[in-house]
Amino acid sequence: MISKSGTITTSILNQVATIEFSHPASNSFPSTLLQELTDEINTLSKNDSASIIILKSSGTGAFCAGATFEELLSINNYEDGSRFFSGFANVINAMRKCPKLIIGRIHGKAVGGGVGLAAACDYSFATTKSEIKLSEIAIGIGPFVIEPVVSRKIGKMAMAEMTLNPTVWKTSNWAFEKGLFSEVFETIEELDYRLNQYVTEISSYNKEALNEMKKVLWEGTNHWDSLLYERAAISGRLVLSDFTKNALEKFKK
């Protein structure tokens, strides 16, 4: 499916579905693209021709730069702000509820919501260029929506370390040691070779066993159906502040 401000494409081969998202601004997400990604994950959840899902982005640059600044700047009321940040809540909830394992191909840098997407994957492959950063505090908001899924992977203290150092990039090795990345490779070519090898093997396993394992991995997260939207409301309120508007203008320039 194609969006005016980005694309979502899906292919299925040998029981493996690949979702690829793309946006000219470092694979960032406007609200329309977030909704399309949510819809695609929900559709694949019911598609019996796929037992495993790969989530990837296009190009060789950034994996995902999070929310698009242009849309953040255009928000001028609480309802729109809450609705925009709920887009990331929708994607994370779709990923955790999907009965199929989602494998992340994190080939490059991830910021903000991009870190949340990586954390919501059940297993992930990265490269040494896959640095991560949570910059939200620097622009007057915070990683409230993605905090539960990131903390689930790396722990609350590591989450705090990232959040309270919003201008500092954490290395892929740091992310690997904290549990965000499952495997890290020097090059994209090495990543893709191992990724193909991995999904070929795991997609041959008992689907029912894989689905039951997915449930185990996400035990204790049912309250996210309300929690993530409560967090989106916090961000929706804070994004209206003069501090955030001025900070976004500076970042844009």
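**Pockets, salt bridges and a surface patch**

Reply: Helix H8 gives the largest share of the lining of the second largest pocket, five residues. The model is predicted: local features need pLDDT of at least 70 and side-chain atom pairs count only at pLDDT 80 or more, while totals for chains, interfaces and linings use all residues. Residues are numbered from 1 along each chain as its sequence is written, and side-chain values use heavy atoms, with hydrogens and water left out.

Me: How is a pocket found, and what is the volume of the largest pocket?

Reply: Rolling a probe the size of a water molecule over the atoms shows where empty space is left. On a 1 Å grid over the protein atoms alone, a pocket is an open set of points where a 1.4 Å probe fits, with protein on both sides within 12 Å along at least five of seven lines; lining residues have an atom within 4 Å of a point. Points are joined across faces, edges and corners, and the volume is the space filled by probe spheres set on them. The largest pocket here has a volume of about 550 Å³.

Me: Which residues lie nearest the centre of the largest pocket?

Reply: They are Ala65, Gly66, Ala67, Phe69 and Val111, from a lining of 34 residues. Helix H2 (69–74) and helix H3 (78–97) are the elements that give two or more residues to this lining; helices (H or I, at least four residues) and strands (E, at least two) are DSSP runs, numbered from the N terminus. H2 supplies the largest share, three residues. By type, the lining holds 20 nonpolar, ten polar and four charged residues. Here Ala, Val, Leu, Ile, Met, Phe, Trp, Tyr, Cys and Pro count as nonpolar, Asp, Glu, Lys and Arg as charged, and the others, Gly among them, as polar.

Me: What can be said of the second largest pocket?

Reply: The second largest pocket contains about 280 Å³ of space. Its lining has 15 residues, and Val16, Thr18, Ile54, Asn196 and Val199 are the closest to its centre. Two or more lining residues come from each of strand E2 (6–13), strand E3 (16–22), strand E4 (52–57) and helix H8 (188–202). This lining divides into six nonpolar, six polar and three charged residues.

Me: How many salt bridges does the structure hold?

Reply: Side chains of opposite charge can pair when their charged atoms come close. The criterion is a side-chain nitrogen of Lys or Arg within 4 Å of a carboxyl oxygen of Asp or Glu. The structure holds twelve such salt bridges. In one of them, Lys214 meets Asp122 at 2.8 Å, N to O. Lys214 lies in helix H9 and Asp122 in the loop between helix H4 (113–120) and strand E7 (123–127), so the pair ties together parts 92 residues apart in sequence.

Me: Is Lys214 buried or exposed?

Reply: Buried means under 20% relative accessible area, exposed over 50%, and partly exposed in between (1.4 Å probe, protein chains only). Lys214 counts as buried because its relative accessibility is 2%, and Asp122 is buried at 13%.

Me: Which residues form the nonpolar patch on the surface?

Reply: Patches are made of residues with over 30% relative accessible area and no salt bridge; like charges are joined within 9 Å, and nonpolar side chains (Val, Leu, Ile, Met, Phe, Trp, Tyr) within 5 Å. Accessible areas come from the Shrake-Rupley method with a 1.4 Å probe, and for residues only the protein chains shown count as cover. Met213, Val216 and Leu217 form this patch, with about 230 Å² of accessible area together. Met213 belongs to helix H9 (residues 207–217) and, at 41% relative accessibility, counts as partly exposed.
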